[in-house]
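Open the model in a viewer and keep the cartoon and side chains to hand. The stops below go from one selection to the next.

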There are 2 protein chains.
Amino acid sequence: MDLKLLQELIVPAQTKIVMLIMDGLGGLPQEPGGKTELETANTPNLDALAAQSNLGLTVPIAPGITVGSGPGHLAIFGYDPIHYKIGRGALEALGVDFDMGTNDVAARGNFCTVDARGMLTDRRAGRLPTRHSRKLAELLRTIKIAGVEFFVEPVKEHRFAFVIRGDGLGDALSETDPLKIGVPPLMIHSKNRESEKAAHYINQFIEQARRLLADHCPANMILLRGFAKLPTIPTFCELYRLRAAAIAINGMYRGVARMVGMTVLDVKGDTLTDEFATLGKNWNKFDFFYLHVKKTDTYGENGNFAGKVSVIEEVDAQIPSLLALKPDVVIVGGDHSSPAVLKSHSWHSVPLLLYSRYVRADGIVEFGERACARGSLGVLPAKDVMPIALANAKRLAKYGA
Amino acid sequence: MDLKLLQELIVPAQTKIVMLIMDGLGGLPQEPGGKTELETANTPNLDALAAQSNLGLTVPIAPGITVGSGPGHLAIFGYDPIHYKIGRGALEALGVDFDMGTNDVAARGNFCTVDARGMLTDRRAGRLPTRHSRKLAELLRTIKIAGVEFFVEPVKEHRFAFVIRGDGLGDALSETDPLKIGVPPLMIHSKNRESEKAAHYINQFIEQARRLLADHCPANMILLRGFAKLPTIPTFCELYRLRAAAIAINGMYRGVARMVGMTVLDVKGDTLTDEFATLGKNWNKFDFFYLHVKKTDTYGENGNFAGKVSVIEEVDAQIPSLLALKPDVVIVGGDHSSPAVLKSHSWHSVPLLLYSRYVRADGIVEFGERACARGSLGVLPAKDVMPIALANAKRLAKYGA
């Protein structure tokens, strides 16, 4: 449904919604006829909750399409990730867990090689080893210019994420990479007035970088492209009238949550127990809680089937403390699948459990991929989860008479 | 599928389709783990039919969205209710079961209070009791102006539905409510030539209303807004090449059926038996029959679980007489859910049964929400039901070679 129309139907309520996202939750069996990570995990609490819930399988964007965590999260938060694009620079920054805010302009950076006259001879500085570029990133971090702040985060080989932070910075900026050798890197030009300040400061940064790197051949210069702020997205407050809080350890998820207007809570420590403790401690202050579990994805991407199983079991052990808070709606799901056998994100649909006292419970006493395939929510776009949650939280009025 | 494309695929046939709509059919259990109204009802005939049918769950507009009966019916008739909007005035009139036709312009009316100079002092006349406004509505009905007809139907407190009927009336009309006090109600202006006649007559009506109500302070004047005709929708005849008939007791459903070009049949009496008798009597004259059962929704909205169960059982008892007519396709479903425990329309998906000799029968010997969740139609948009019915009625040609 169109977000504008949805927004018109929102009514206030006192209810609380918890969205527990296990990153990359969906999995695959290790051998034909086997069980997935979630099916293998011993999850008595989730199974009992499943029996009182509706089950289904979410499709992040479209069938067959594998998504990154950015679009995957936008979808489960109710936004169409095709419509709300996260620019390349912002994706690069979020992708290395940089905690982007609304005052930030991010770019993809390359270390490159220039000759004595400043002409490009290698746009990738011989793909220098990541350990080298990490040191050079530290060097670039010493650049200070009054009025703005700079961040440089190494990515892989010659690549790094660049962020400039400050008031009144626009992202309508030309790129410095001429996309060929034998010419100098380009100056940045602003494409509108709002971006003039950013162009000015970034050009200064580049000049200082040139001086700092001069003796570090082959990585003696930088190129920046794909300048992007976070997209402007109607916030959870504007759109759903929810006071929303995010509980996440990693920068990317904190960044995406902040982008949709959630209050990103401080988590003391970095364990699951710390995250759930943060939930309990802030229970009275918000209507909606997004709680993110990273390690399901990490183990999935590392091909560690048993590790992913064990994280799911740890999450299961936290469910009683979650339910003790008496949430009105509980969503347990994922942003995408990351089967250990594929060692990567995948296109597979994602298990979803939706509990409220108003669901017509499916009565399926298991939370797993095949169990969810039998659930009454069917196979549904991830962006439909929020409207269903809002309905169960009694936060949606009737459409038409 | 796009209606225009669907229309191009329609081929003639001699088959007959019956769409039996139990209003607000979907329900909820009274306690966790319990059965819904439909699951509780003893429905041997529907259960037997289910075994030879496809089952599924329909979603009226979008997951989580609760719909009124207007949009709910448009969807099950195959139209996108977001695209074909029923205006506020028309909704008000249909909502009090006013039998709107294509020559009608409807508006939302308020009784209001004006001072001696005609300035508004209360836009809602102190929210006068409904029993008072009912009497004042009767008074307004005495207004007669040659060339058009007026209808005034009390709604609740200060609100009433206003309808003007006549040839050549447009609904591009400004509103009379200035939305503030201390100023007089506004005159109606037409926004196009086609609406000039309506503006002229309605302004006359308002002047007569002012005189009639003068001594009835606080309700001594009226305000009209949200002028709307029924939307122009391709008819069942144009779109599906179906000679379609509607069997419904209540005005709203008769109005919506007329809007999509159905012949609204006279029902002698107001019982289920009377409705099914009307079906039998008109069997040879039409290709498509929409038969509407109101009381499932009435009991649902009143919170009468047992009442809703019993209406469903009464409907079940009529199924043999329906099947004796040898329809080619039978659809049994609802326009939305109205669980007795919620005492209102709800967002829950709606049980659907589709029988024809060409279905790949699911073999599930039960018609109920959980049974339908296991059906091979899955969870589907309500507007997809008509194409499936048309296909089973051999009324759709192949797309592409």
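Helices (H or I, at least four residues) and strands (E, at least two) are DSSP runs numbered from the N terminus; axes are lines fitted to C-alpha atoms, for helices over the stretch in contact (heavy atoms within 4.5 Å), and angles run from 0 to 180 degrees between N-to-C directions.

This is a predicted model, in which local features need pLDDT of at least 70, side-chain atom pairs count only at pLDDT 80 or more, and totals for chains, interfaces and linings use all residues. Residues are numbered from 1 along each chain as its sequence is written, chains are lettered from A and ligands numbered from 1 in the order written, and side-chain values use heavy atoms, without hydrogens and water.

Next, select S2 (residues 54-59) and S12 (residues 350-356) of chain A, which pair antiparallel over five bridges; strands pair if DSSP finds at least two bridges between them. Asn54(A) stands opposite Leu354(A) in S12(A).

Then go to helix H9 (residues 251-259) of chain A. Eight of its nine residues are buried, so H9(A) is largely enclosed by the rest of the structure; buried means under 20% relative accessible area (1.4 Å probe, protein chains only). Its buried residues pack against H4 (69-76), H5 (88-95), S8 (244-247), S9 and S10 (288-293) of chain A. After H9(A) comes Gly261(A), with a positive phi near 85°.

Notes. Buried < 20%, exposed > 50% of the residue type's maximum accessible area, 1.4 Å probe, protein only.
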